[in-house]
Amino acid sequence: MAIFVYAESHDGKYKKAGLEAVSYAKATADVAGETVTAIVFGNAAADELYKYGASKVVKVDNAALAKFDANSYAKALAEVAQGDVVVLPSTNEGATIAPVLAFKTGASLVTNVEKAPTAVSPFTVARKAFSGKGVETVAVSGKVVVTVLQNAFGAKENAVSGSEESASVSVSDADAKVKVVSTEMASSDKIDLKEADIVVSAGRGMKGPENWGMIEDLAKVLGAATASSKPVADIGWRPHAEHVGQTGKAIAPNLYIAVGISGAIQHLAGVNGSKTIVVINNDPEAPFFKAADYGIVGDAFEIVPKLTEELKKYKGQA
(Lines give C-alpha, C1' and ligand atoms only; values in the text may rest on other atoms or scores of the structure.)
Protein backbone atom coordinates (compact mmCIF):
# COMPACT_ATOMS: atom_id res chain seq x y z
CA MET A 1 0.00 0.00 0.00
CA ALA A 2 1.52 3.31 -1.13
CA ILE A 3 0.70 6.41 0.93
CA PHE A 4 1.15 9.89 -0.52
CA VAL A 5 0.55 13.35 0.93
CA TYR A 6 0.34 16.80 -0.63
CA ALA A 7 2.54 19.06 1.50
CA GLU A 8 0.99 22.47 0.84
CA SER A 9 3.43 25.37 0.88
CA HIS A 10 3.52 29.06 0.03
CA ASP A 11 6.54 31.18 -0.89
CA GLY A 12 8.93 28.40 0.05
CA LYS A 13 7.41 27.71 3.46
CA TYR A 14 5.13 24.85 4.46
CA LYS A 15 1.75 25.76 5.83
CA LYS A 16 0.93 24.41 9.26
CA ALA A 17 -1.94 22.51 7.64
CA GLY A 18 0.52 20.95 5.20
CA LEU A 19 2.63 19.63 8.07
CA GLU A 20 -0.52 18.33 9.77
CA ALA A 21 -1.35 16.40 6.59
CA VAL A 22 2.15 14.87 6.59
CA SER A 23 1.70 13.89 10.25
CA TYR A 24 -1.62 12.27 9.41
CA ALA A 25 -0.09 10.39 6.49
CA LYS A 26 2.65 9.11 8.81
CA ALA A 27 0.04 7.88 11.32
CA THR A 28 -1.77 6.12 8.47
CA ALA A 29 1.49 4.60 7.26
CA ASP A 30 2.18 3.28 10.76
CA VAL A 31 -1.17 1.46 10.72
CA ALA A 32 -0.35 0.01 7.29
CA GLY A 33 3.28 -0.79 8.05
CA GLU A 34 4.36 1.44 5.15
CA THR A 35 6.21 4.72 4.53
CA VAL A 36 5.10 8.17 3.38
CA THR A 37 5.91 9.96 0.14
CA ALA A 38 5.32 13.73 0.25
CA ILE A 39 4.68 15.72 -2.93
CA VAL A 40 5.81 19.34 -3.05
CA PHE A 41 5.04 21.99 -5.65
CA GLY A 42 7.66 24.72 -5.45
CA ASN A 43 10.97 25.11 -3.66
CA ALA A 44 10.22 24.48 0.03
CA ALA A 45 13.01 22.48 1.73
CA ALA A 46 12.57 18.72 1.99
CA ASP A 47 14.33 18.46 5.37
CA GLU A 48 11.36 19.81 7.32
CA LEU A 49 9.10 17.08 5.99
CA TYR A 50 11.43 14.34 7.24
CA LYS A 51 10.83 15.70 10.75
CA TYR A 52 7.11 14.97 10.38
CA GLY A 53 7.45 11.47 8.97
CA ALA A 54 7.96 11.69 5.20
CA SER A 55 10.49 9.09 4.05
CA LYS A 56 10.57 10.42 0.50
CA VAL A 57 9.96 13.92 -0.84
CA VAL A 58 9.10 14.32 -4.51
CA LYS A 59 9.49 17.85 -5.83
CA VAL A 60 7.49 18.84 -8.90
CA ASP A 61 8.80 21.84 -10.81
CA ASN A 62 6.47 22.98 -13.57
CA ALA A 63 5.79 26.53 -14.67
CA ALA A 64 2.09 25.75 -15.16
CA LEU A 65 1.79 25.17 -11.41
CA ALA A 66 3.08 28.63 -10.46
CA LYS A 67 -0.51 29.84 -10.02
CA PHE A 68 -3.11 27.72 -8.30
CA ASP A 69 -5.66 25.91 -10.41
CA ALA A 70 -7.51 22.90 -9.00
CA ASN A 71 -7.57 20.96 -12.28
CA SER A 72 -3.86 21.50 -12.98
CA TYR A 73 -2.85 20.60 -9.42
CA ALA A 74 -5.09 17.53 -9.41
CA LYS A 75 -3.65 16.36 -12.75
CA ALA A 76 -0.10 16.75 -11.45
CA LEU A 77 -0.90 14.89 -8.23
CA ALA A 78 -2.64 12.11 -10.15
CA GLU A 79 0.50 11.55 -12.22
CA VAL A 80 2.86 11.44 -9.24
CA ALA A 81 0.71 9.95 -6.45
CA GLN A 82 0.39 6.44 -7.85
CA GLY A 83 -0.84 4.91 -4.61
CA ASP A 84 -3.74 3.70 -2.51
CA VAL A 85 -4.06 6.66 -0.14
CA VAL A 86 -3.53 10.36 -0.91
CA VAL A 87 -3.79 12.81 1.98
CA LEU A 88 -4.43 16.56 1.60
CA PRO A 89 -5.03 19.32 4.15
CA SER A 90 -8.59 20.62 4.36
CA THR A 91 -7.51 24.14 3.41
CA ASN A 92 -9.28 26.13 0.71
CA GLU A 93 -6.67 24.80 -1.71
CA GLY A 94 -6.68 21.19 -0.52
CA ALA A 95 -10.46 20.96 -0.28
CA THR A 96 -10.74 22.23 -3.86
CA ILE A 97 -8.17 19.81 -5.26
CA ALA A 98 -9.44 16.70 -3.43
CA PRO A 99 -12.72 16.02 -5.28
CA VAL A 100 -11.09 16.68 -8.66
CA LEU A 101 -8.24 14.34 -7.78
CA ALA A 102 -10.67 11.65 -6.60
CA PHE A 103 -12.57 11.90 -9.88
CA LYS A 104 -9.41 11.70 -12.00
CA THR A 105 -8.07 8.65 -10.16
CA GLY A 106 -11.36 6.82 -9.58
CA ALA A 107 -10.84 7.07 -5.81
CA SER A 108 -13.33 7.48 -2.99
CA LEU A 109 -13.28 10.81 -1.16
CA VAL A 110 -13.34 11.07 2.63
CA THR A 111 -13.33 14.62 4.01
CA ASN A 112 -12.76 16.31 7.37
CA VAL A 113 -11.08 13.46 9.22
CA GLU A 114 -9.57 14.16 12.63
CA LYS A 115 -8.09 10.84 13.71
CA ALA A 116 -5.91 8.21 12.12
CA PRO A 117 -7.68 5.28 10.48
CA THR A 118 -8.24 2.20 12.61
CA ALA A 119 -7.56 -0.03 9.60
CA VAL A 120 -6.36 0.43 6.03
CA SER A 121 -7.88 -2.58 4.25
CA PRO A 122 -10.58 -1.42 3.97
CA PHE A 123 -9.63 2.14 4.91
CA THR A 124 -11.71 2.68 8.06
CA VAL A 125 -11.90 6.08 9.70
CA ALA A 126 -14.21 8.40 11.63
CA ARG A 127 -15.15 11.79 10.19
CA LYS A 128 -17.30 14.72 11.20
CA ALA A 129 -20.80 14.77 9.73
CA PHE A 130 -23.95 16.90 9.87
CA SER A 131 -22.02 20.15 10.36
CA GLY A 132 -20.02 18.64 13.20
CA LYS A 133 -23.06 17.49 15.17
CA GLY A 134 -22.29 13.84 14.49
CA VAL A 135 -19.46 11.45 13.80
CA GLU A 136 -19.71 8.71 11.21
CA THR A 137 -17.36 5.82 10.61
CA VAL A 138 -16.73 4.97 6.97
CA ALA A 139 -14.99 1.97 5.43
CA VAL A 140 -13.59 2.39 1.91
CA SER A 141 -12.22 -0.34 -0.34
CA GLY A 142 -9.78 0.60 -3.07
CA LYS A 143 -8.14 3.97 -3.59
CA VAL A 144 -9.03 6.83 -1.26
CA VAL A 145 -8.39 10.59 -1.14
CA VAL A 146 -8.51 12.00 2.40
CA THR A 147 -8.68 15.59 3.65
CA VAL A 148 -7.56 16.37 7.20
CA LEU A 149 -9.47 18.95 9.21
CA GLN A 150 -7.18 21.84 10.13
CA ASN A 151 -5.97 22.11 13.73
CA ALA A 152 -7.64 18.80 14.60
CA PHE A 153 -4.96 16.13 14.17
CA GLY A 154 -1.99 18.40 14.83
CA ALA A 155 1.47 18.73 13.32
CA LYS A 156 3.45 16.09 15.21
CA GLU A 157 7.18 15.64 14.83
CA ASN A 158 8.06 12.01 14.09
CA ALA A 159 11.47 12.19 12.48
CA VAL A 160 12.62 9.64 9.93
CA SER A 161 15.55 9.48 7.51
CA GLY A 162 14.47 10.54 4.06
CA SER A 163 15.43 11.06 0.46
CA GLU A 164 14.56 13.62 -2.18
CA GLU A 165 13.87 13.28 -5.87
CA SER A 166 12.38 15.32 -8.70
CA ALA A 167 9.46 14.50 -10.97
CA SER A 168 8.12 15.99 -14.18
CA VAL A 169 4.44 16.13 -15.06
CA SER A 170 2.58 16.70 -18.32
CA VAL A 171 0.73 19.77 -17.07
CA SER A 172 0.49 22.88 -19.22
CA ASP A 173 -1.34 26.18 -19.15
CA ALA A 174 -4.05 24.56 -21.28
CA ASP A 175 -5.05 22.38 -18.29
CA ALA A 176 -6.08 25.38 -16.21
CA LYS A 177 -9.83 25.82 -15.91
CA VAL A 178 -9.49 29.22 -14.23
CA LYS A 179 -7.39 32.07 -15.56
CA VAL A 180 -5.70 34.10 -12.83
CA VAL A 181 -5.67 37.68 -14.04
CA SER A 182 -3.96 39.19 -11.01
CA THR A 183 -3.14 38.38 -7.40
CA GLU A 184 -3.31 40.85 -4.54
CA MET A 185 -1.98 39.81 -1.17
CA ALA A 186 -3.50 41.47 1.89
CA SER A 187 -0.79 43.10 3.96
CA SER A 188 -1.52 42.02 7.50
CA ASP A 189 0.33 40.71 10.53
CA LYS A 190 -2.77 38.94 11.79
CA ILE A 191 -2.66 35.27 12.64
CA ASP A 192 -4.29 32.93 10.11
CA LEU A 193 -7.73 32.22 11.57
CA LYS A 194 -7.92 28.57 10.47
CA GLU A 195 -4.45 27.79 11.81
CA ALA A 196 -4.73 29.72 15.08
CA ASP A 197 -4.38 27.85 18.38
CA ILE A 198 -6.42 30.53 20.16
CA VAL A 199 -9.33 32.54 18.71
CA VAL A 200 -11.20 35.45 20.30
CA SER A 201 -14.56 36.00 18.62
CA ALA A 202 -17.36 38.49 19.15
CA GLY A 203 -20.91 39.18 18.00
CA ARG A 204 -23.64 41.78 18.10
CA GLY A 205 -23.24 42.06 21.84
CA MET A 206 -20.35 44.43 21.07
CA LYS A 207 -23.01 47.00 20.03
CA GLY A 208 -20.84 48.52 17.30
CA PRO A 209 -17.53 48.27 15.40
CA GLU A 210 -16.07 51.08 17.48
CA ASN A 211 -15.93 48.74 20.47
CA TRP A 212 -13.81 46.06 18.80
CA GLY A 213 -10.61 47.46 20.26
CA MET A 214 -11.04 45.49 23.47
CA ILE A 215 -11.44 42.25 21.49
CA GLU A 216 -8.22 42.95 19.60
CA ASP A 217 -6.45 43.85 22.86
CA LEU A 218 -7.44 40.51 24.40
CA ALA A 219 -6.39 38.66 21.25
CA LYS A 220 -3.03 40.43 21.22
CA VAL A 221 -2.12 39.49 24.78
CA LEU A 222 -3.14 35.87 24.10
CA GLY A 223 -1.38 35.68 20.74
CA ALA A 224 -4.77 34.87 19.23
CA ALA A 225 -6.63 35.43 15.98
CA THR A 226 -9.86 37.43 15.93
CA ALA A 227 -13.18 36.22 14.51
CA SER A 228 -16.83 37.22 14.39
CA SER A 229 -20.35 35.88 14.03
CA LYS A 230 -22.16 36.05 10.69
CA PRO A 231 -24.51 38.95 11.58
CA VAL A 232 -21.52 41.09 12.50
CA ALA A 233 -19.85 40.40 9.15
CA ASP A 234 -23.11 40.91 7.26
CA ILE A 235 -23.66 44.40 8.64
CA GLY A 236 -20.05 45.37 7.94
CA TRP A 237 -18.69 45.62 11.46
CA ARG A 238 -15.98 43.08 10.62
CA PRO A 239 -14.58 41.66 7.36
CA HIS A 240 -16.17 38.46 6.05
CA ALA A 241 -12.75 36.80 6.28
CA GLU A 242 -13.31 36.71 10.06
CA HIS A 243 -16.77 35.11 9.88
CA VAL A 244 -16.82 31.67 11.51
CA GLY A 245 -19.78 29.31 11.38
CA GLN A 246 -21.65 26.99 9.04
CA THR A 247 -21.56 29.49 6.18
CA GLY A 248 -18.17 30.91 7.13
CA LYS A 249 -14.92 29.29 8.22
CA ALA A 250 -14.89 26.10 10.25
CA ILE A 251 -12.15 26.23 12.87
CA ALA A 252 -10.76 23.94 15.56
CA PRO A 253 -8.50 25.96 17.89
CA ASN A 254 -7.29 24.78 21.28
CA LEU A 255 -9.17 27.70 22.87
CA TYR A 256 -12.19 29.58 21.51
CA ILE A 257 -13.44 32.62 23.44
CA ALA A 258 -16.88 33.86 22.37
CA VAL A 259 -17.88 37.34 23.51
CA GLY A 260 -21.46 38.57 23.06
CA ILE A 261 -22.44 35.69 20.75
CA SER A 262 -25.73 33.93 21.47
CA GLY A 263 -24.59 30.62 19.98
CA ALA A 264 -27.06 29.84 17.20
CA ILE A 265 -26.71 26.37 15.71
CA GLN A 266 -25.20 27.80 12.51
CA HIS A 267 -22.40 29.40 14.51
CA LEU A 268 -21.77 26.32 16.62
CA ALA A 269 -21.37 24.23 13.46
CA GLY A 270 -18.21 26.15 12.64
CA VAL A 271 -16.57 26.10 16.06
CA ASN A 272 -17.61 22.84 17.71
CA GLY A 273 -14.24 21.34 16.89
CA SER A 274 -12.62 23.68 19.43
CA LYS A 275 -10.85 21.87 22.28
CA THR A 276 -12.05 24.38 24.92
CA ILE A 277 -14.85 26.93 24.56
CA VAL A 278 -15.23 29.94 26.88
CA VAL A 279 -18.42 32.01 26.60
CA ILE A 280 -18.91 35.54 27.93
CA ASN A 281 -22.50 36.77 27.71
CA ASN A 282 -24.88 38.84 29.84
CA ASP A 283 -27.80 36.52 29.00
CA PRO A 284 -27.74 33.44 31.26
CA GLU A 285 -30.14 31.71 28.82
CA ALA A 286 -27.86 32.14 25.81
CA PRO A 287 -27.70 28.78 23.94
CA PHE A 288 -23.91 29.00 23.74
CA PHE A 289 -23.58 28.21 27.45
CA LYS A 290 -24.83 24.67 26.75
CA ALA A 291 -21.83 24.06 24.49
CA ALA A 292 -19.31 25.92 26.66
CA ASP A 293 -16.63 24.35 28.82
CA TYR A 294 -16.51 27.56 30.86
CA GLY A 295 -19.08 30.35 30.99
CA ILE A 296 -19.11 33.85 32.44
CA VAL A 297 -22.46 35.60 32.85
CA GLY A 298 -21.92 39.34 32.87
CA ASP A 299 -21.23 42.54 30.97
CA ALA A 300 -18.49 41.97 28.40
CA PHE A 301 -17.54 45.65 28.60
CA GLU A 302 -16.50 45.06 32.21
CA ILE A 303 -15.21 41.48 31.98
CA VAL A 304 -13.04 41.61 28.86
CA PRO A 305 -10.90 44.63 29.88
CA LYS A 306 -10.38 43.12 33.36
CA LEU A 307 -9.45 39.76 31.82
CA THR A 308 -6.98 41.47 29.49
CA GLU A 309 -5.47 43.41 32.39
CA GLU A 310 -5.00 40.29 34.51
CA LEU A 311 -3.46 38.38 31.60
CA LYS A 312 -0.99 41.20 31.03
CA LYS A 313 0.00 41.04 34.70
CA TYR A 314 0.36 37.26 34.49
CA LYS A 315 2.58 37.58 31.41
CA GLY A 316 4.55 40.49 32.85
CA GLN A 317 3.25 42.91 30.22
CA ALA A 318 1.47 45.30 32.58
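1. First, the ground rules. This is a predicted model, in which local features need pLDDT of at least 70, side-chain atom pairs count only at pLDDT 80 or more, and totals for chains, interfaces and linings use all residues. Residues are numbered from 1 along each chain as its sequence is written, and side-chain values use heavy atoms, with hydrogens and water left out.

2. The sheet is open and parallel, with five strands in the order β14-β13-β15-β16-β17. Strands (E, at least two residues) and helices (H or I, at least four) are DSSP runs numbered from the N terminus, and two strands pair if DSSP finds at least two bridges between them. Its edges are β14 (225-228) and β17 (294-297), each pairing on one side only.

3. Have a look at β16 (residues 276-281), which pairs with β17 in the parallel sense over four bridges. Val279 has Gly295 of β17 as its bridge partner. Helix α9 (residues 300-314) packs on the sheet, touching β15, β16 and β17; contact means heavy atoms within 4.5 Å.

4. Helix α5 (residues 213-222) lies across β13 (198-202), β14 and β15 (255-259). Its buried residues (under 20% relative accessible area, 1.4 Å probe, protein chains only) are Met214, Ile215, Leu218, Ala219, Val221 and Leu222. They sit on the same side of α5 because they cover an arc of only 165° around the axis, taken from the directions from the helix axis to the C-beta atoms. These buried residues pack against β13, β14, β15 and α9.

Key
Axes fitted to C-alpha atoms, helices over the stretch in contact; angles between N-to-C directions. Buried < 20%, exposed > 50% of the residue type's maximum accessible area, 1.4 Å probe, protein only.
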